[in-house]
Each structure stands twice: as structure tokens, then as C-alpha cells.
Amino acid sequence: MAQLWGGRFTKETDKLVYQFNASINFDKRLADCDVTGSIAHTKMLAKTGIITAEEGSKIIEGLYSIIDDVHSGKLVITDEYEDIHSFMEANLIDRIGDAGKKLHTGRSRNDQVALDMRLYIRDSIMNTDACLASLLTVILDVMENNIETYMPGFTHLQKAQPVTLAHHMGAYFEMFKRDRLRLSDIYERANYCPLGAGALAGTTYPLDRNMVSELLGFYGPTLNSMDSVSDRDYVLEFLAALSIIMMHLSRFCEEMIIWNSNEYRFIELDDAYSTGSSIMPQKKNPDIAELVRGKTGRVYGALTSMLTTMKGIPLAYNKDMQEDKEMTFDAIDTVNNCIVLFTGMLSTTKFLSDNMAQSATKGFTNATDAADYLVKKGMPFRDAHSVIGRLVLACIDKDCSIDDLKIEELKEFSELFDEDIYDAISLKTCVEKRLTIGAPGIEAMKTVISINKEYLELTTKKVED
């Protein structure tokens, strides 16, 4: 059992205790981050004269050779090591000798793992953001192609007012855009370097923490060594952001599932993103959407678990914090996979526009516009609301829509109705006369789409820079 400690102890750790304490099986994915941090630390140690330039070169060369061998499969990370730090250090000493023993000078595993996690979360934020950017590109494409695809808008799952598919998709564009803003905000707070905090109280070595921060692309060093090693706010914030992303995906999936049903038939999912039944040959199930919806609880669980883990921990570092990794890694993998799969599903979905329009026509979604028509003719809104309510009730009895009634039938409810009512309550009119920014009218939607295009171009350029 390869350990970085032991001088204080007179006998070996019990095997079960060792296994329970070890983290190598999951923190091995921090290998790249660990090497990146160690190389920056080594460069600083050499520049400050804590180690010689020759020792620094040997350490850096050895670290590069280890990570190259890990990537190629020549060197396997096994559970004979307690954690990724002991794996790296033990292999480094095997390769370069005593110089490798100086790598850990001026640092603790506490600030080392805090650094590794910050580096990993920082990279993960960027990866998730890239996934969301791809999804937004697909959503924007659907919006551009469906400015005049009419459909019912819903409240309480009841048909409410006519909108367009572009407008409906635009709501999800806003959700995922906010998700990206949250990720950017988390990145800003997380991007400070804890290395140099030591176990909890810094170190007597003349470390140059600013140099290490600059080498690793941080804004600067953290300002309290106790907080540096015990802070996991950035993990909690990231898990919270991932949970909100999954909530948005789950809502979207729920609608896709409903729209895919025989009762709605608003969409047809591509075969590549559907499955069949082992007994019912006619079935085409939206399993991907259902699984994304189901995996939302998994990500929520990671956030709840991490919050619970952290709630009673006194300063500074405690072993409880080792629990931050498995659940966080799983949540990151889950969310990124869900975004990628959902993006593929949405990009291949066929939208059945005729069914959408027919559903909007039959659902009295133009009732509010009929009331507004009477108001513009001089009737008080409350009276107009009552008239249209009775009119809808009559249409339900006749199994028809307001548009199906003849003008003589309409005048039985109010003499204010005239032939222009039919144009006033058509789907096209109901949608297009809503021209305020954020509404589904064509000109309003074109403006929003233009804003969204510019947003994607700017954020993509920012990431590339």
C-alpha cells in the first residue's frame, strides 16, 4: 500500500480501513490536473531557489513522462496507491530518484487536492458551456425555420393562446442562456488558486503564490489558507447550476414526450433517438427523453448529498470532503451526456406543423382575441369576457370552434360582431398583432432571433479567445 505518510504509525493500516479511506478509484480522473498543478509548483520552487533548477527540470520531465505513459496505457493507475497524489509521487521517485521527493515541498495534500478540484471544475464548466452552446445553436435553427408555425400555447396544460413554435422554442433558449450565465458567474468565483495554503496555515517556505496562480491561469491566490483547503462552494455552485440545467432539460423532455404522443402528434422523433417494445410491434417510445427526465433526480441527489456532507464540517480540512468527487464527477458526466443526446434528438425531430395549427384552432386559443375584439368595439372588458365565455360554452355544445359559427350565430351573443371578426381571430392575426418585444409576432420574433444570433457569435468568440 503506497502512502505519503506513516512515520508516526507503528503498524500498517487495516486493509479494509485502507480501502475505505482510499480515493484512487475515482480521483484518478484528476491525473492531468494533478500533473498540471505539480509542474507549476515545481517551476515556482525552482525559481525561488527552494529546489535547484536541475532538480526542477528532472521533476518536470518525470511528470510529463508519467502522464504520457498513463495516456498511452503503458502505465496503469491501480488501487495499490491511496490516491492520485501518492500514485504520481511514488512513480516520480521511481523514475528520477531523490529529486522526486522534493516535489511535495511547501504543499500539503489538502491544498493540492483543492487545486486539482478547482482545475477540474474550471475545465468542466467550459465543457458544459460548450455543450449548451451547441444546444442553443440547434434551438435557434428551429426558431428561424418556424416563425410562422402556429401552435397552441398552454397554461395548466390547457390550451390558452396561439403562439408559434419559434416563440415556444425561444422560451427554452432563454433558459439555457441563463444556464450559461450561471456557469460564467461560477467560473469567476472559482478561478482563484489555493495552492500554497498548505495543510491549513500556509508554509514557512518563501513560496511565490502569485507566480503559480499566473502559470495556471487563475486571477490570483486565495486570501485565507483555512478557507482555501476547506472551501467547496464552487463545487456546490456548479452542482446547483447542473441541477437547474437538468430541470430545464427535464421540462423540455416532458413536452417532447407529450408532443410525441398519439393524442398530440406535434412531433415525430427520429428512429435513432427512439426505441421499440419487446411485445407491442407498433410502439415507438421516446426513451431518450424519458431517460434525460429520469436522470434529473440523479443530479439533484448529488447536490443534496454534497450540501449535507458540508453542513457540519468545522474548519479546516476534514476527510468528509473526499466525498465531493464521486458524486460531482457522476453529475458532470450525466449532464454533459444528457445535453449532447438531447441536442441530437432535437436536431433530428420532425415538427408536424399542420397538427399543431389544427390543435390551436380547435382549442379556443383565440377566445382572448375575440374578447379584445369586442372591447375595441366599445364593450367593457369584463362584459366581453362574459360574452366570450358563453360563446365558448355554446361552441362546446355544438362541437365546433368560434371560427365555425356564422355571423348570425355570433350576433346572438352580441350585435357588435361583424364580418371582420373572422380575420381578427384567425391564428395568423392573433399571433402577428402581438408585436411587443418578447411576443410571438413575426417582427418581434425576427428581432429576438437577431439578438440571439449575435449573442451566440459573441459568446463563441469569447470562448475561443
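In the predicted model, the cover over the buried residues of helix 11 includes helix 9, helix 10 (233-260) and helix 12 (324-347). The residues of helix 11 that are buried are I288, A289, V292, T296, V299, A302, L303, M306, T309 and M310. Helix 11 itself runs over residues 287-310. With 24 residues at 1.5 Å a residue, helix 11 should span 34 Å, and the 35 Å between its end C-alpha atoms agrees with this.

Helix 3 (residues 31-47) was treated in the same way. The buried set consists of A31, C33, D34, V35, G37, S38, I39, A40, H41, T42, M44 and L45. Among the elements that cover these residues are helix 2 (24-27), helix 4 (53-72), helix 5 (84-96), helix 6 (109-144) and helix 8. Just after helix 3, G49 adopts a positive phi of about 80 degrees.

Y192 is partly exposed, at 34% relative accessibility. Y219 is also partly exposed, with a relative accessible area of 43%.

The pair formed by Y373 and F417 is stacked, because the ring planes are at 10 degrees, with the centres 5.9 Å apart. Y373 is located in helix 14 (residues 367-376), whereas F417 lies in the loop between helix 16 (407-411) and helix 17 (421-424); the pair therefore ties together parts that are 44 residues apart in sequence. Both Y373 and F417 are buried. A single aromatic cluster is formed by F154, W259, Y264 and F266.

Charged side chains over aromatic rings were also identified. The ring of F218 has the charged end of R122 over it, at 4.6 Å from the ring centre. The charged end of K177 sits over the ring of Y455, at 5.4 Å from the centre of that ring.

At the level of the whole protein, the model contains 19 helices and 4 strands. The radius of gyration is 30 Å, whereas a compact globule of 465 residues would have a value near 23 Å. Along the principal axes, the C-alpha atoms fill a box of roughly 100 × 50 × 40 Å. Buried residues make up 50% of the 465 residues. Among contacts with a sequence separation of 6 or more, 75% involve residues 24 or more positions apart. The accessible surface amounts to about 22,700 Å², and carbon and sulfur atoms account for 52% of this area.

Conventions
Residues numbered from 1 in each chain as written. Predicted model: local features only at pLDDT ≥ 70, side-chain atom pairs only at ≥ 80, totals over all residues. Heavy atoms only, no water. Buried < 20%, exposed > 50% of the residue type's maximum accessible area, 1.4 Å probe, protein only. Phe/Tyr/Trp six-rings, centres within 6.5 Å; stacked < 30°, edge-to-face > 60°. Helix = DSSP H or I, 4+ residues; strand = E, 2+ residues; numbered from the N terminus. Lys NZ or Arg CZ within 6 Å of the ring centre and 35° of its normal. Contact = heavy atoms within 4.5 Å. Rg over C-alpha atoms; globule rule 2.2 N^0.38 Å. Areas by Shrake-Rupley, 256 points an atom, 1.4 Å probe, with all protein chains shown as cover. Expected span 1.5 Å × (residues − 1).
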